[in-house]
Each structure stands twice: as structure tokens, then as C-alpha cells.
Amino acid sequence: MDKAEKKRLLKNWKNAEKEKFESTLPVPRETFEKLFDYVDGCLDTAGCSHDLRFTVEFLNNHQIPLEPVVEFLQKNGGYCDCEVLMNVEDKLKNCLF
Ligand SMILES: [Zn+2]
């Protein structure tokens with residue numbers, strides 16, 4: 001196997017992993033990115049109130065069912081708005097769930 005072939009295989013594997021990862025998300029990655037932006041903006045002005053207030057607000061505003069998303073966030077260490085940003089945003093960026 002030459003270098004280029006190795007690289008190609010690795011890329012395929014990474015894509016497959018990424019797809020597998022994305023299929024475990026309760027909502028599309030883009031929705032999470034919007035959620036993080038929203039929560040980030042709210043925390044800047046209001047600060048964290050040690051619950052998922054802004055996360056829930058965002059989900060309600062977009063008519064997204066709360067339960068699967070909240071469950072997913074908590075499973076990944078996001079028990080309040082600032083933890084969502086701290087723990088979940090990074091993982092999502094790096095596909096680390
Ligand atoms: Zn917090």
C-alpha cells in the first residue's frame with residue numbers, strides 16, 4: 001500500500017466515522033451550531049443560571065422537541081447552559097461523542 005492509498009483509506013474511514021457520529025445526533029449539526037451561538041450570546045449578557053434555560057428557550061423557539069436534545073446534552077456533560085458550551089460544543093466540533 002503506498003502513501004496516497006493509505007491517505008485515501010484514512011479519509012474514507014474518517015468520513016464513515018463522521019457519518020456514524022452525525023447519525024447519533026438528535027438534531028442536525030447545524031441546529032447545534034445555532035443553539036451554541038444563541039446560548040453563547042445569552043450567557044454574554046445574562047450569565048448562566050445553572051440550568052438549561054437558554055437551551056430550552058432556543059429549542060422552544062424552533063419547535064424542537066426538548067427531551068432527546070436535553071438528554072443528549074446531559075449525557076455529554078451539559079447540565080447547564082455554560083456546560084453545554086464548555087463540554088458539548090468542543091466535542092461536537094471534534095466528533096468526540
Ligand atoms: Zn452553568
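Author: What follows is a description of helix α2 and its packing. This is a predicted model, in which local features need pLDDT of at least 70, side-chain atom pairs count only at pLDDT 80 or more, and totals for chains, interfaces and linings use all residues. Residues are numbered from 1 along each chain as its sequence is written.

Helix α2 covers residues 29–46; helices here are DSSP runs (H or I, at least four residues), numbered from the N terminus. From first C-alpha to last, the 18 residues of α2 reach 25 Å, close to the 26 Å expected at 1.5 Å a residue (1.5 Å times one less than the number of residues). Just after α2, Gly47 has a positive phi of about 80°.

Phe32, Leu35 and Val39 are the buried residues of α2 (20 or more other C-beta atoms within 10 Å of the residue's own, placed from the backbone; exposed means 12 or fewer, partly exposed in between). Seen down the axis of α2, the buried residues fall within an arc of 55°, so they line one face of the helix; the arc is that of the directions from the helix axis to the C-beta atoms. The face turned away from the buried side carries exposed Glu30, Gly41, Asp44 and Thr45.

The cover over the buried residues of α2 includes α3 (53–61) and α5. Helix α5 (residues 81–94) packs against α2 at an angle of about 145°, with the axes 10 Å apart; axes are lines fitted to C-alpha atoms, for helices over the stretch in contact, and angles run from 0 to 180 degrees between N-to-C directions. Among the α2 residues that meet α5 are Phe32, Phe36 and Val39, contact meaning C-beta atoms, placed from the backbone, within 7 Å.

Notes. Helices (H or I, at least four residues) and strands (E, at least two) are DSSP runs, numbered from the N terminus. Two residues are in contact if their C-beta atoms, placed from the backbone, lie within 7 Å.
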